[in-house]
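Here's a quick briefing to read with the model open. Start with the rings, then move on to the cores and the sheet.

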Amino acid sequence: FKHRERAVSAEDYEWLARAASQSVARARCLPNVNNLGLPELGWITVIIVPEGKESKPMPSPQLLTRVSRYLGARAVNSVIAPRHLHVTRPTYVEVRVVGEVTPVSLDEAASAEKKILEELDKFFHPLTGGPEKRGWAFGSTIMISQVYSLLESIREVAFVKGLALSAEGRFSREKIAIPAHALVCSGAHDIRVILEEENVSAYSQA
């Protein structure tokens, strides 16, 4: 550390939060943001994300306390004296995918449906998802082209069309931007599997 294990910059707080416990997978420091999430000079809010396979990993009260004490022992006096250090849980934004796919054959329809939902859940996992399978950063932008590439790579899928993204009441056929303090997670995807050979359709809702 350039400040000899003293938390001065936002990057220092993030490094120290991860050093506080091996259970901390990710940390985000919000300078001048108080414990209510509002702008206020002198406050430091640190968001921590624990290791976990669940769709929305949440730190335990014990982990929050441990990180808070660890940071408190290393934070600058201007933060600690008035108790303006806040360690908290992450906020997740559920992203839903809506669209239609055609399986390679009638026999593959059920398999295609299952595989699509599994791959979407994996893709939107905050810690292990994303195009590079290294998770999503805070404030990421989800591109619809990334989802097209994902679904088109599934062996059981022949065609993909009409995809759109939905999150927090927003709907887009291009991209969805996640707020800077939040992480993406998988929502309830609406995928219509079109069985063109039989002129029927099967609707799937996760």
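Rings of Phe, Tyr and Trp (its six-membered ring) pair if their centres lie within 6.5 Å, with planes under 30 degrees apart called stacked, over 60 edge-to-face and the rest tilted. By that rule there are 3 aromatic pairs here. Keep in mind that this is a predicted model, where local features need pLDDT of at least 70 and side-chain atom pairs count only at pLDDT 80 or more, while totals for chains, interfaces and linings use all residues. Numbering starts from 1 along each chain as its sequence is written, and side-chain values use heavy atoms, leaving out hydrogens and water.

**Aromatic cluster**

- F123 and F124 make an edge-to-face pair, 5.1 Å centre to centre with 80 degrees between the planes.
- F124 and W136, on the other hand, are stacked: 6.4 Å centre to centre, 15 degrees between the planes.
- Both F124 and W136 lie in the loop between α4 (109-123) and β5 (141-143), so their pair ties together parts that are 12 residues apart in sequence. (Helices are DSSP runs of H or I with at least four residues, strands are runs of E with at least two, and both are numbered from the N terminus.)
- Ring pairs join F123, F124 and W136 into a cluster.
- Buried or exposed, what is F124? F124 is buried, at a relative accessible area of 0%; the cut-offs are under 20% for buried, over 50% for exposed and partly exposed in between, using a 1.4 Å probe and protein chains only.
- F123 is buried too, at 7%, and W136 is buried at 5%.

**Charges over rings**

- The charged end of R18 sits over the W15 ring, 4.9 Å from its centre; this calls for NZ of Lys or CZ of Arg within 6 Å of the ring centre and within 35 degrees of the ring normal.
- R74 does likewise with Y70, its charged end being 3.7 Å from the ring centre.

**Nonpolar cores**

- A nonpolar core is a set of buried Ala, Val, Leu, Ile, Met, Phe, Trp, Tyr and Cys residues joined through side-chain atoms within 4.5 Å.
- The largest one has 30 residues, and L120, F124, V147 and L151 have the most contacts inside it.
- Elements giving two or more residues to this core are β4 (91-103), α4, α5 (144-152), β6 (157-167), β9 (182-186) and β10 (190-195).
- Its largest share, 6 residues, comes from α4.
- Apart from that core lies another, of 17 residues, with Y13, A17, C29 and V46 among them.
- Which residues does F124 touch? Leaving aside residues up to four places away in sequence, F124 touches V95, V97, W136, I142, V147, V184, C185, S186 and H189, where contact means heavy atoms within 4.5 Å.

**The open sheet and its helices**

- 3 strands form an open, mixed sheet in the order β1-β2-β3; strands pair if DSSP finds at least two bridges between them.
- At the edges are β1 (24-33) and β3 (85-88), each pairing on one side only.
- β1 and β2 (residues 39-50) run antiparallel, joined by 8 bridges, and P31 stands opposite I44 in β2.
- Helix α1 (residues 10-20) packs on the sheet, touching β1, β2 and β3, and its direction makes about 150 degrees with that of β1. Axes are lines fitted to C-alpha atoms, for helices over the stretch in contact, with angles from 0 to 180 degrees between N-to-C directions.
- Helix α2 (residues 61-72) lies across β1, β2 and β3, at about 150 degrees to β3.
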